[in-house]
Amino acid sequence: MADAKTEAPRAIRVVVVDDHPIMGVGTRASLARAKGIEVVGLAPNGRQALYLVGELQPDVLLLDIRLPDISGIEVAREVRKQWPAVAILAITGYDEIGYVRAMMQLGARGYLHKTISGERIANAIRRVAAGEKVVISDAAESVEVTSALAGLTAREYEVLRLIASGCRNVEVADALLLTVKTVEYHVSRLLTKLKARSRAEVIVKARQYGLIPEEDVVDEHRSRSGF
């Protein structure tokens, strides 16, 4: 009696999202050599990422957080809402506590720093596809010891990033499609959670905790000029 042929396991289908062409193509080339992984799409921005996820239904979305149109955080939120079976693996060149917490609160299964090798990225993809959680980041390792950030939600983090960049509440509301009253509520929560007495102090503390990069912060005079 002839032995029954065993069917090879299906490759893990991955969509890669990176706004830097060299990084995106390099990651795709590296993963093309990885056993059991197939890159089915490459997106340079958030909107293209959402389109490809909807069209291709990958197993894993390897998602850069900083994108030129909509943020990786917004992409992750939409993917979790529309295609919850897709495993999100965030990857960024910025090692910040706020990024880690925001992505994990949105249901990302992993968070990687871009300095890791292609082999480790491939291993992380295999693990999140299998339902595991993977974190390879100096900031991620220190998340739990930063108690002031323990309750910060992804939405509050987005509001924080915008006010740090100099946006007034009405501008934050426009950017996030919220009402001004809702933005005021989030700002109030940021004051409470970061134990700050003013908008400017919120920004100062956020910088101290590594929540926002220096280049995203405008001069504090404008930040003090009103909510």
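This is a predicted model: local features need pLDDT of at least 70, side-chain atom pairs count only at pLDDT 80 or more; totals for chains, interfaces and linings use all residues.
Reader: Is Asp64 buried or exposed?

Author: Buried means under 20% relative accessible area, exposed over 50%, and partly exposed in between (1.4 Å probe, protein chains only). Asp64 has a relative accessible area of 3%, so Asp64 is buried.

Reader: Which residues does Asp64 touch?

Author: A contact means heavy atoms within 4.5 Å. Leaving aside residues up to four places away in sequence, Asp64 touches Val17, Asp18, Asp19, Gly72, Ile91, Thr92 and Lys114. For a sense of sequence against space, take Asp64 and Gly93: they are 29 residues apart in sequence, and 8.6 Å separates their C-alpha atoms.

Reader: How many residues of β3 are buried?

Author: Five of its five, and β3 is mostly covered. Val60, Leu62 and Asp64 point one way from the strand, while Leu61 and Leu63 point the other way. In the protein as a whole, 47% of the 227 residues count as buried.

Reader: What do I look for to see how strands pair, and which order do they take in the sheet?

Author: Two strands pair if DSSP finds at least two bridges between them. Here six strands form an open sheet in the order β2-β1-β3-β4-β5-β6, with parallel pairing. The edge strands, β2 (37-43) and β6 (134-136), each pair on one side only. From one strand to the next, the twist averages 20°.

Reader: How many bridges join β1 to β3?

Author: Four bridges join these two parallel strands, and Val14 stands opposite Val60 in β3. With β4 (residues 87-92), β3 (residues 60-64) pairs in the parallel sense over five bridges. There, Leu62 stands opposite Leu89, and Leu63 has Ala90 as its bridge partner.

Reader: Now the helices: which strands does α2 lie across?

Author: For such angles, axes are lines fitted to C-alpha atoms, for helices over the stretch in contact, and angles run from 0 to 180 degrees between N-to-C directions. Helix α2 (residues 46-56) lies across β1 (12-17), β2 and β3, running at about 140° to β2. Helix α3 (residues 72-82) lies across β3 and β4, at about 160° to β3.

Reader: What span does α5 reach from its first C-alpha to its last?

Author: The expected span of a helix is 1.5 Å times one less than its number of residues. Helix α5 (residues 118-129) has 12 residues and reaches 16 Å, close to the 16 Å expected. Its buried residues include Ile121, Ala122, Ala124, Ile125 and Val128. Seen down the axis, the buried residues of α5 fall within an arc of 160°, so they line one face of the helix; the arc is that of the directions from the helix axis to the C-beta atoms. Just after α5, Gly131 takes a positive phi of about 100°.

Reader: And how many helices and strands are there in the protein?

Author: There are 11 helices and six strands.

Note on methods: Residues are numbered from 1 along each chain as its sequence is written. Side-chain values use heavy atoms; hydrogens and water are left out.
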